[in-house]
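Okay, thanks everyone, I'll keep this short. Have a look at the model on the screen while I talk you through a few spots in it.

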Amino acid sequence: DMTDMGFLPRAQFNLLLDALAAAGYRVIGPRLRDGVIVYDALTGPDDLPRGVHDLQSPGRYRAEKDPSGNRCFAWANGPQAIKPRMFAPRELLWRSDKGGDADVRYSQLPPDAPALAIIGARACDLAALRLQDRHFLEQQFQAPHYAARRAQLFIVAVHCTHPAATCFCASTGDGPRAEDGYDLALSELDEGYLIQTRGDKGRAIAALLPLMPATPVQRAQARAETDAAAAQQTRRLPGGSLRDRLLASLEHRRWEDVATRCLACGNCTSVCPTCFCSDAVDEASLQGDVSVHVRQWGSCFTQSHSYIHGITIRPDTRTRYRQWLIHKLGTWHDQYGRSGCVGCGRCITWCPTGIDITEEASALCDGTQHD
């Protein structure tokens, strides 16, 4: 729906940042740091990666600056976007204190939950956030720390026009246009931004901006650029639900093949915007009178993930990679009614050995005979 849309000239983009800050949001957005696009606090439009393009391929990432470029979102994605801001990599949940009377007292630690406005979220990130919501908010028990942060989140999406070679969101149905899950969505043109609103929070911020009517030419150009972004994508997952085909492939020779290339480092699970595994650890003070219970990101590629009472259920890389891929592309359908992959391609780019999930899935689902 492109009807509820206005145009903000590029020179006035700072007014959007100012309006969000005045509404009490801490504004987070993409910045180029150490050669990588990361999401961090924005102080103004000059912090954005203007004229930056990213070159991604299996196991490779490089950001390049074009001095003549004036666009700030002409790149696909960096290693992280929304997930670390909602599902914290390390979180203190509760603490226990031993008093002088030898009693132990437990206290819940409140979450660090500032009101955040994230600028630059892509369609794949919004689809991933929806899956994280399903896991953390819509099960029998809610995750209170995630819920506290999520309730205060304002999302400014940007429709993607420059996919990387590793992107395949068109084949998963999750991009490159952001269809929902945002408060404001931007289409970046050379002269400025078309702004779409969703919901009361988005309309309230848009009402503070000097938006002009979007012209038919601008609307057509915005649509053409995202259509071109979809057409440029060459990677794709096999069509349809892969659940049954993957579960039928448990003894496929391909698992042994990929295990010889996989380092079991867990990079793919760290950069994946939908992975939610975590470990719980207790950390005691040196004096022994205080202990904090910590939740931190985990990975199904570690030995401890499948360790149960003296037994490691998945003792080698073959079984760990198989667990990750079959769960991500197959049995997520049982839990959430869809695949856990949103086509962002991060696991391909940030894999040290360049393993390509689309290539592995195709090899497993193409009907090759098993050993």
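Let me start with Pro89, which is partly exposed, at a relative accessible area of 37%. Keep in mind that this is a predicted model.

For a sense of scale, take Pro89 and Asp190: they're 101 residues apart in sequence, and their C-alpha atoms are 36 Å apart in space.

Okay, on to the cores. In soluble globular proteins, nonpolar side chains tend to be buried together. In this model the largest nonpolar core has 60 residues. Phe13, Leu16, Leu20, Phe73, Ile82 and Ile119 are the ones with the most contacts inside that core. Which helix gives the most to it? That's α3, residues 123-137, with 8 residues. There's also a second, separate core of 26 residues, and among its members are Cys272, Phe301, Tyr321 and Cys365.

Leaving out residues up to four places away in sequence, Ile119 touches Phe13, Leu17, Leu20, Val27, Ile28, Gly29, Pro30, Tyr39, Leu42, Phe73 and Val156.

Last bit: backbone geometry. Most residues other than glycine have a negative phi, and most peptide bonds are trans. So which spots go the other way here?

Asp34 is one: it isn't a glycine, yet its phi is positive, at about 55 degrees. Asp34 sits in the loop between β2 (26-33) and β3 (36-41). Buried or exposed? Asp34 counts as exposed, because its relative accessibility is 78%, and the cut-off is over 50%.

Ala264 also has a positive phi of about 55 degrees, and again it's not a glycine. Look for Ala264 in the loop between α9 (253-259) and α10 (267-271). With 21% relative accessibility, Ala264 counts as partly exposed, since buried would mean under 20%.

And then there's a cis peptide bond, joining Gly175 and Pro176, with omega at about 5 degrees. Pro176 is in the loop between α5 (169-172) and β10 (184-189).

That's my tour, thanks.

Notes: Residues numbered from 1 in each chain as written. Predicted model: local features only at pLDDT ≥ 70, side-chain atom pairs only at ≥ 80, totals over all residues. Heavy atoms only, no water. Core = buried A, V, L, I, M, F, W, Y, C linked by side-chain atoms within 4.5 Å. Buried < 20%, exposed > 50% of the residue type's maximum accessible area, 1.4 Å probe, protein only. Helix = DSSP H or I, 4+ residues; strand = E, 2+ residues; numbered from the N terminus. Contact = heavy atoms within 4.5 Å.
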